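Take a look at the model below. We'll go from one residue to its surroundings, and then on to the inside and the surface.

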Amino acid sequence: MTRVVGVGRHRWRVTALLVLLTMLAGCQVSPYYASMERLGVSRGEVLAERVDAARDAQRHSQKALSSALSRLELALSASPSTFSREREALTEALETSRDAQRELAWRLEEADEAADAVFSQWREELGAYHDARYRELSEQQLARSRARYAELRDGLGASRDQ
């Protein structure tokens, strides 16, 4: 009997989890940004914070890669008696570099998500303009902003591709 109750409870949890996952899959990023905006944080501020975090991750990634390259040089020039120690240090430096690359990739994905939210909101707001001239100016500014973000994004992602 206890087993049946346990199975029923397990099915209920699985069902609840599936319902939650279905709801989350149907949601876009807007509930997060709506919550942040209620707290007084705009999508643009979220984007700026995420770009800063990506820049920090890029710097860390570059330093980690530089350290790994230095360790490689030391390992290649090591004497047979110190080679094992240098190889271990190189392995650690390479793992640190890989971790930094993964962090950078994650930060770039977050920045892209925020940029998409900002640009989507901007595109939606274009419909609210009653003056065609102002709408056109805003569309041009949106296009320039997208292009600037694309350049920034390419620069941030460059160290990831090394």
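Ala93 is buried, at a relative accessible area of 9%; buried means under 20%, exposed over 50% and partly exposed in between, with a 1.4 Å probe and protein chains only. Ala93 sits in helix 4, residues 83-126 (helices are DSSP runs of H or I, at least four residues, numbered from the N terminus). Skip the neighbours within four places in sequence, and Ala93 is in contact with Ala64, Ser67, Ala68 and Arg71, where contact means heavy atoms within 4.5 Å. Take Ala64: it is 29 residues from Ala93 in sequence, yet the C-alpha atoms are 6.9 Å apart.

A quick note on the ground rules: this is a predicted model, where local features need pLDDT of at least 70 and side-chain atom pairs count only at pLDDT 80 or more, while totals for chains, interfaces and linings use all residues. Residues are numbered from 1 along each chain as its sequence is written, and side-chain values use heavy atoms, leaving out hydrogens and water.

Now for the inside. Beyond its neighbours within four places in sequence, Phe119 is in contact with Leu142, Ser145, Arg146 and Tyr149.

And the surface? Leu69, in helix 3 (residues 43-76), is partly exposed, with a relative accessible area of 47%.

Notes
Helix = DSSP H or I, 4+ residues; strand = E, 2+ residues; numbered from the N terminus.
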